[in-house]
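Subject: Structure handover

Hello,

Here is the structure I promised to pass on. Please open it first, then read the notes below it.

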Amino acid sequence: MNEILNQEKSIYLQISEMIENDILRDVLLEEEKVPSTNELAKFFKINPATAAKGVNLLVDEGILYKKRGIGMFVTQGAKQAVKKKRRDAFCENFVRSLLTEAASLGIGEEELIEMIRRQNAQGVER
């Protein structure tokens with residue numbers, strides 16, 4: 001969790017996304033303990049309540065669970081759940097707007113697919 005907080009979105013959302021990123025990159029594995037809210041607060045120099053809000057968001061989504069008196073842990077299947085959540089958001093935020101813009105420009109499905117293939121062949125970062 002060596003990312004830096006920014007002003008683009010709420011801090012608690014950034015905290016939850018950083019934990020998700022660590023799960024996706026296998027930095028945090030299923031059934032592994034995640035940093036406590038106090039550790040997160042100290043590391044990022046934020047209010048512990050803000051860190052807790054980010055962690056609790058992941059608890060509400062079933063990505064993390066609490067072991068009373070021990071801390072928060074990554075749920076079994078968390079990586080797949082995060083991938084599904086991110087794929088759904090990608091579709092909603094990018095694919096839908098891409099299709100809307102393509103339709104407004106008269107770009108059909110085949111032409112759009114060919115554009116994507118050309119860009120991919122040119123080495124767009126993955």
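First, the ground rules. This is a predicted model, in which local features need pLDDT of at least 70 and side-chain atom pairs count only at pLDDT 80 or more, while totals for chains, interfaces and linings use all residues. Residues are numbered from 1 along each chain as its sequence is written, and side-chain values use heavy atoms, with hydrogens and water left out.

**Strands**

Helices and strands here are DSSP runs, numbered from the N terminus (helices: H or I, at least four residues; strands: E, at least two). Strand E1 covers 64–67 and strand E2 covers 71–74. The two pair in the antiparallel sense, over 4 bridges. Pairing requires that DSSP finds at least two bridges between the strands. Leu64 has Val74 in E2 as its bridge partner. Lys67 stands opposite Gly71 in E2. E1 and E2 form a hairpin, with 3 residues between them. Gly69, in the turn, has a positive phi of about 80 degrees.

**Core**

A nonpolar core is a set of buried Ala, Val, Leu, Ile, Met, Phe, Trp, Tyr and Cys residues joined through side-chain atoms within 4.5 Å. Buried means under 20% relative accessible area; exposed is over 50%, and partly exposed is in between (1.4 Å probe, protein chains only). The largest nonpolar core has 19 residues. Which of them touch the most other members? They are Ile19, Ile23, Leu40, Leu64 and Val74. At least two core residues come from each of helix H1 (11–24), helix H2 (37–44), H3, E2 and helix H4 (78–104). H1 gives the largest share, 4 residues. In soluble globular proteins, nonpolar side chains tend to be buried together.

**Second largest pocket**

A pocket is an open set of points on a 1 Å grid over the protein atoms alone, where a 1.4 Å probe fits, with protein on both sides within 12 Å along at least five of seven lines; lining residues have an atom within 4 Å of a point. Grid points are joined across faces, edges and corners, and the volume is the space filled by probe spheres set on the points. The second largest pocket has a volume of about 180 Å³. It has 14 lining residues, and the closest to its centre are Ser36, Thr37, Lys66, Gly71 and Met72. Helix H3 (48–60), E1 and E2 each give two or more residues to this lining. H3 provides the largest share, 3 residues. By class, the lining has 6 nonpolar, 5 polar and 3 charged residues (nonpolar: Ala, Val, Leu, Ile, Met, Phe, Trp, Tyr, Cys and Pro; charged: Asp, Glu, Lys and Arg; polar: the others, Gly among them).

**Single residues**

- Ser16 lies in helix H1. Ser16 is buried, at 2% relative accessible area. Ser16 touches Gly54, Leu57 and Leu58, not counting residues up to four places away in sequence; contact means heavy atoms within 4.5 Å.
- Asp26 sits in the loop between H1 and H2. Its phi is near 60 degrees, a positive value in a residue other than glycine. Asp26 is partly exposed, at 41% relative accessibility.
- Lys45 is in the loop between H2 and H3. Its phi is near 55 degrees, also positive. Lys45 is exposed, at 75% relative accessibility.

Best wishes
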